[in-house]
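Trainee: Hi! I'm new to this one, could you walk me through it?
Mentor: Happy to. Let's bring it up and start with the salt bridges.

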Amino acid sequence: MITLAWPLALLALPLPLLAIWLPRAPDEQGAALRFHLDPDLAAEVARGTRSTGSLNPRLILALVAWVLLVLAAARPEWVGEPVRLPVSGRDLMIALDISGSMEVADYELNNRMVSRIALVKAVAERFIARREQDRLGLILFGSRAYLMTPLTFDRTTVGTMLSEAVVGLAGRETAVGDALALAVKHLRDQPEDNRVVILMTDGANNAGHIEPLAAAELAAQAGVRVYTIGIGGGMAQSRSPFGGIPARAGSDFDPATLQRIAEMTGGRFFSAHAREQLEEIYAELDRLEPSERDERSLTPRRSLYMWPAAGALLLSLSLAAAPLLSAGARRRVA
């Protein structure tokens with residue numbers, strides 16, 4: 001569909017009619033430069049000035065050029081079909097522990113033991129894929145915390161950065177407080193009631209500059225809800241000359257601090273000792289923090305004013321060139 005952005009510009013269409021009502025310029029009898037005019041040319045000019053009862057072709061072209069120029073000023077636009085926009089139901093920051101202990105293999109996936117980080121990647125990627133209307137961000141932390149992706153609708157990039165996370169990349173220790181403070185920093189300027197952090201760790205805070213409960217206080221003041229997930233504590237495979245021996249892992253696990261962080265910020269604490277539990281946790285997060293479906297849409301528009309403007313320019317050039325061409329033709333005939 002084609003519409004006009006500025007339809008009031010069409011009011012200028014009748015302006016050329018004012019030339020009919022304007023008074024003629026008075027004839028001046030003063031001194032003037034006079035030159036000899038060919039009698040035949042003078043007769044042709046005289047005939048052209050008389051009313052013949054029909055419109056002059058040049059006048060028709062001039063009127064068409066004026067109509068095109070006014071039409072261009074009205075800015076015609078092509079309007080396409082409305083396109084639904086992704087609208088953020090939540091601004092959700094995922095903070096994932098990639099300290100050295102996350103390489104402990106104490107989870108079972110597809111009938112084999114896998115590391116904590118491998119299981120978290122497998123389950124979290126499906127969770128990310130389901131957050132169609134949310135803006136997601138990713139923080140990886142070990143001895144230090146790093147923002148890998150800011151809040152974005154690009155779930156593919158967030159999933160890719162998560163899948164490429166490597167244990168020990170941010171150090172071998174665990175800076176829970178720094179990670180939470182960094183997440184709060186990037187969420188506090190976002191709309192209220194939509195600020196959410198999912199904090200996943202398998203150990204106690206033993207690095208960084210900010211204590212976890214101090215960071216939780218900052219989160220509470222900023223209106224950020226924090227859901228904490230304790231990873232590990234299951235049966236790991238320890239090395240021995242006789243093969244893998246099951247052993248209890250996660251001795252530095254600190255559920256009390258994680259639970260306190262959740263309570264202070266209005267979130268919840270979850271403990272995942274098995275793959276099924278971790279999947280249930282993400283399903284519960286989908287229920288607690290639903291991805292809202294809004295009906296806002298964008299209507300694409302493409303401006304078309306250049307086409308009537310180009311037509312008016314071509315007609316104007318042809319009108320300007322016509323006298324020169326006719327004069328040249330008369331000289332050749334003469």
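**Salt bridges, helices and a surface patch**

Mentor: The side chains of D202 and R116 form a salt bridge, with 2.5 Å from N to O. Keep in mind as we go that this is a predicted model.

Trainee: Where do D202 and R116 sit in the chain?

Mentor: D202 is in the loop between β9 (195–201) and α7, while R116 belongs to helix α4 (residues 116–130). The pair links distant parts of the chain, 86 residues apart.

Trainee: And are D202 and R116 buried or exposed?

Mentor: Both D202 and R116 are buried.

Trainee: OK, how many salt bridges are there?

Mentor: The count comes to 12 salt bridges. One of them joins the side chains of R135 and D91, at 2.8 Å from N to O. R135 lies in strand β7 (residues 135–141) and D91 in strand β4 (residues 91–97), so this pair ties together parts that are 44 residues apart in sequence.

Trainee: Why does D91 count as buried?

Mentor: D91 has a relative accessibility of 3%, and buried means under 20%.

Trainee: What about R268, which residue does its side chain meet in a salt bridge?

Mentor: That would be E284, at 3.0 Å from N to O. R268 is in the loop between α8 (255–265) and β13 (269–272), and E284 is in helix α9 (residues 275–288), so the two tie together parts 16 residues apart in sequence. R268 counts as partly exposed, at 36% relative accessibility.

Trainee: Which residues are linked in a network of salt bridges?

Mentor: R130, R131, D134 and D286 are linked that way.

Trainee: Switching topic: how do helices α6 and α7 cross?

Mentor: Two packed helices are described by the angle between their axes and the distance between those axes. Here, the axes of α6 (residues 176–187) and α7 (residues 212–221) come within 8 Å and cross at roughly 15°. That makes α6 roughly parallel to α7, because angles under 35 degrees count as roughly parallel.

Trainee: Is that crossing left-handed or right-handed?

Mentor: α6 passes α7 in a left-handed crossing.

Trainee: Last one, about the surface. Which residues make the nonpolar patch?

Mentor: L4, L10, L13, V67 and L71 make a nonpolar surface patch of about 330 Å². L10, for instance, lies in the loop between β1 (2–4) and α1 (18–21).

Trainee: And is L10 buried or partly exposed?

Mentor: L10 is partly exposed, with a relative accessible area of 31%.

Definitions and conventions. Residues are numbered from 1 along each chain as its sequence is written. This is a predicted model: local features need pLDDT of at least 70, side-chain atom pairs count only at pLDDT 80 or more; totals for chains, interfaces and linings use all residues. Side-chain values use heavy atoms; hydrogens and water are left out. Patches are made of residues with over 30% relative accessible area and no salt bridge: like charges are joined within 9 Å, nonpolar side chains (Val, Leu, Ile, Met, Phe, Trp, Tyr) within 5 Å. Accessible areas come from the Shrake-Rupley method with a 1.4 Å probe; for residues, only the protein chains shown count as cover. A salt bridge is a side-chain nitrogen of Lys or Arg within 4 Å of a carboxyl oxygen of Asp or Glu. Helices (H or I, at least four residues) and strands (E, at least two) are DSSP runs, numbered from the N terminus. Buried means under 20% relative accessible area, exposed over 50%, partly exposed in between (1.4 Å probe, protein chains only). Axes are lines fitted to C-alpha atoms, for helices over the stretch in contact, and angles run from 0 to 180 degrees between N-to-C directions. Angles under 35 degrees count as roughly parallel, over 145 as roughly antiparallel, 65 to 115 as roughly perpendicular and the rest as oblique. A crossing is left-handed if the near helix is turned anticlockwise from the far one by less than a right angle, and right-handed if clockwise.
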